[in-house]
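Please look through the structure shown here with the following explanation beside it.

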Amino acid sequence: MVRMVGGVTLVGLAAGLVMAFGVAPREVTQGNVQRIMYVHVPSVWVAYLAFAVVLVASIVYLARRVDGADRLAHASAEVGVLFTGLTIATGSIWGKPTWGTWWTWDARLTSVSILFVMYLGYLLLRGMIEDPDQGARYAAVLGIVAAFNIPLVHFSVYWWRTLHQPPSLMKPGPGTMPGVIVAALMVNFVAFSLLYVYFVAKRVNLLRREAEAAA
Amino acid sequence: MPDNWGFVLAAYGLAAVVLIAYWRRLVRRERAMGAEHRPTVRRT
């Protein structure tokens, strides 16, 4: 099953590349550098998704003490950190030619950096505590608290004056982007979401086997 | 505005390297787990 998801993901990522470079037009204002959006925006979407899953799985773990929920939270946090790092790096690469700087401490960039450090801390916390039950409990609490930063990241562009543009897609009201750009973005959203599912499934399986071996 | 293809390639290249590296790490750990827990056959 996981292998099949991997195969479909690979096809999805290839389709995403075709859409980003072959179908989506050259953006009028920014030129071809705007094509970074097709990797940057789906990355942050996966990061939001991953941390939302951490939140739900952490609540389930604290309520029911289901080991599977703890493993899902752990795996999802790890994949979320990976994609948050990718969001920051690709955003920085995109920022240099468009803003003239690799980095600036504006609200969106600062809040997403805090998100990255919080979930990095979540993973470090899990690694530091030897008792697995205690580690899972503490991590679940942190997984719930850290999730409060997700709306802060998303709405930071509305709440503060920032260099970062407001969202073009994940916002209320009618969209302003041309249909073909939205379509290219959607294909990449699906491909990256499948990649998230594939990575998390593999990581959960690995955590289960590690727990069985340790028992 | 110039196209800045170098930045585009850098972003996609970095994404590819990071994602492939993570996938390889998962596969390596799976293999290591499999090797650790594979029953050893003794020849008599």
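Two residues are taken to be in contact if their C-beta atoms, placed from the backbone, lie within 7 Å. This is a predicted model, in which local features need a pLDDT of at least 70 and side-chain atom pairs count only at pLDDT 80 or more, while totals for chains, interfaces and linings use all residues. Residues are numbered from 1 along each chain as its sequence is written, and chains are lettered from A, with ligands numbered from 1, in the order in which they are written.

In terms of contacts, 19 residues of chain B meet 23 residues of chain A. The side of chain B that touches chain A is made up of 14 nonpolar, 2 polar and 3 charged residues, where Ala, Val, Leu, Ile, Met, Phe, Trp, Tyr, Cys and Pro count as nonpolar, Asp, Glu, Lys and Arg as charged, and the others, Gly among them, as polar. For the complex, the predictor gives an ipTM of 0.89 and a pTM of 0.90. Chain B has an average pLDDT of 86, and 80% of its residues score at least 70; pLDDT is the predictor's confidence in each residue, from 0 to 100.

Secondary structure is read here from DSSP runs numbered from the N terminus, with helices (H or I) of at least four residues and strands (E) of at least two. On that basis chain B has 1 helix and 0 strands, whereas chain A has 7 helices and 0 strands, giving chain A the pattern α-α-α-α-α-α-α along the sequence. The radius of gyration of chain A is 18 Å, close to the 17 Å that the globule rule gives for 215 residues, so chain A is as compact as a globular protein of that length; the radius is taken over C-alpha atoms, and the rule is 2.2 Å times the number of residues to the power 0.38. The C-alpha trace of chain A spans about 60 × 40 × 30 Å along its principal axes. Of the contacts in chain A with a separation of 6 or more, 76% are between residues 24 or more positions apart.

Burial is counted from C-beta atoms placed from the backbone: a residue is buried if 20 or more other C-beta atoms lie within 10 Å of its own, exposed if 12 or fewer do, and partly exposed in between. Buried residues make up 41% of the 215 residues in chain A and 11% of the 44 residues in chain B.

In α1(A), the buried residues are Thr9(A), Gly12(A), Gly16(A), Met19(A) and Ala20(A). Seen down the axis of α1(A), these buried residues fall within an arc of 85°, so they line one face of the helix, the arc being that of the directions from the helix axis to the C-beta atoms. An α-helix has 3.6 residues a turn, so residues three or four places apart point the same way. The buried residues of α1(A) pack against α2 (37-64) and α7 (179-214) of chain A, while on the other side of α1(A) Arg3(A), Met4(A), Gly7(A), Val11(A), Ala14(A) and Gly22(A) are exposed.

Arg64(A) belongs to helix α2 of chain A and counts as exposed, with 9 C-beta neighbours inside 10 Å. Arg65(A) is in the loop between α2 and α3 of chain A, where its phi is near 55°, a positive value in a residue other than glycine. Helix α3 of chain A, residues 67-99, has 33 residues and reaches 46 Å from its first C-alpha to its last, close to the 48 Å expected. Following α3(A) is Gly100(A), with a positive phi near 85°.

The loop between α6 (149-159) and α7 of chain A holds Leu163(A), which is partly exposed, with 16 other C-beta atoms within 10 Å. Residues up to four places away in sequence aside, Leu163(A) touches Trp99(A), Thr104(A) and Asp106(A). Pro166(A) is also found in the loop between α6 and α7 of chain A, and Pro166(A) is exposed, with 11 other C-beta atoms within 10 Å. Pro166(A) and Arg108(A), 58 residues apart in sequence, are 9.6 Å apart in space, C-alpha to C-alpha.

Terms used:
The expected span of a helix is 1.5 Å times one less than its number of residues.
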